[in-house]
Amino acid sequence: MYFTGWKKNPVEFDSVFNRSYHTWSWGSPDVLPIFNKGAAKQKMTTFMYTLNYQNYARNDGILLDKWVVDNWKEFFKLAKINPALGNKIKKQGVVMFCHLLGIDSNGHYYNPHSQQYAKNIQYVDGAIKEMVSIIENFYGHDKKTAFIFTSDHGMTDEGWHSFSSVQETYSPFIAWGAGIARTVYPYPINDYEDQYTSEWQLKGYKRLDIKQIDITPLISTLIGIGIPVNSMGILPVTYLNASKSYIAESMIVNARQLIAQFEVSCKKNLHILYSNADIA
């Protein structure tokens with residue numbers, strides 16, 4: 001199995017990485033350049049393993065995640081002894097993006113019920129715990145960091161994602177830290193139940209489901225940057241722990257951004273309409 005499905009966007013596009021003060025990213029050479037292409041000059045720094053290494057690890061995806069985590073930890077070690085770097089990553093609006101391809105690779109190669117898949121999940125779970133601890137210690141437990149853990153898709157029992165089943169289209173979204181509201185516990189606790197709660201062992205917790213496109217305005221609001229012009233997401237205010245005035249202002253900004261995008265789209269479509277009429 002070789003990784004040939006990812007394609008670069010043919011045009012540059014705006015993103016939270018482009019809007020951030022600076023973004024540092026670690027991961028796959030198939031994925032990170034897609035975002036780097038749309039970022040302003042010197043806005044995004046990427047650390048990537050080689051395509052040869054990616055293909056070498058195709059039947060042991062955990063190696064890819066270990067590469068990301070190990071290099072991320074080395075970065076923070078350097079930041080401790082390099083004042084310029086240390087000061088830069090303490091600026092407001094910094095984003096750190098870790099693309100962990102291993103679980104997906106092992107799911108495809110073996111299947112999501114394999115020992116390799118479970119072992120990779122266990123590794124990532126422990127790595128995230130360690131990484132959070134490193135971040136909190138580096139920033140002096142200032143409680144100013146927001147964490148988001150998510151995935152782009154799921155997969156079938158056979159390790160594929162070509163259709164529209166829940167296993168393929170539902171993915172985890174977990175957020176915590178600065179600006180994130182606390183977990184919602186239904187009251188009475190047995191009043192909230194759905195077909196997934198028991199299977200996922202989350203009885204007693206109320207899920208706050210969002211669309212993937214809504215993650216963009218959420219990140220923008222959490223770190224205080226402009227919402228990317230290409231975003232079509234709606235700010236999920238239920239995730240926010242902020243003042244009513246900040247939430248209201250953020251909703252207005254989101255609405256104006258969506259309206260502006262709609263107006264541009266209308267002008268483009270009108271131009272196409274007139275062009276077709278001229279041809280006719």
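Buried means under 20% relative accessible area, exposed means over 50%, and partly exposed lies in between. The model shown in these views is predicted.

**View 1. Asp14 forms a salt bridge with Arg19.** The closest N and O atoms of this pair are 2.7 Å apart. Asp14 has a relative accessible area of 12%, so this residue is buried. Arg19 has a relative accessible area of 32% and is therefore partly exposed. The structure holds three salt bridges, and the other views of such pairs follow below.

**View 2. A salt bridge joins Glu130 and Lys73.** Here the closest N and O atoms are 3.3 Å apart. The pair links distant parts of the chain, with Glu130 in helix H7 (residues 115-138) and Lys73 in helix H4 (residues 62-81), 57 residues apart. Glu130 is partly exposed, at 36% relative accessibility. Lys73 also counts as partly exposed, because its relative accessibility is 21% and buried means under 20%.

View 3. Glu74 has a relative accessibility of 48% and counts as partly exposed, since exposed means over 50%.

**View 4. Helix H6 (residues 102-109) has buried residues.** These are Gly102, Ser105, Asn106, Gly107 and His108. What covers the buried residues of H6 includes H4 and H7. Those are also the helices that carry Lys73 and Glu130, respectively. Just after H6, Asn111 takes a positive phi of about 135°.

**View 5. His22 lies in strand E1 (residues 22-27).** His22 is buried, with a relative accessibility of 4%. The side chain of His22 makes a polar contact of 2.7 Å with the side chain of Thr45. A polar atom of the His22 side chain also lies 3.4 Å from the backbone oxygen of Lys43.

**View 6. His22 is in contact with residues beyond its neighbours in sequence.** Leaving aside neighbours within four places in sequence, the contacts of His22 are Gln42, Lys43, Met44, Thr45, Lys88, Gly93, Val94 and Val95. Among them, Thr45 is joined to His22 through side chains, whereas Lys43 has its backbone oxygen 3.4 Å from a polar atom of the His22 side chain.

Note on methods:
Residues numbered from 1 in each chain as written. Predicted model: local features only at pLDDT ≥ 70, side-chain atom pairs only at ≥ 80, totals over all residues. Heavy atoms only, no water. Salt bridge = Lys/Arg side-chain N within 4 Å of Asp/Glu carboxyl O. Buried < 20%, exposed > 50% of the residue type's maximum accessible area, 1.4 Å probe, protein only. Helix = DSSP H or I, 4+ residues; strand = E, 2+ residues; numbered from the N terminus. Contact = heavy atoms within 4.5 Å. Polar contact = N/O pair within 3.5 Å; in protein donor to acceptor, adjacent residues only side chain to side chain.
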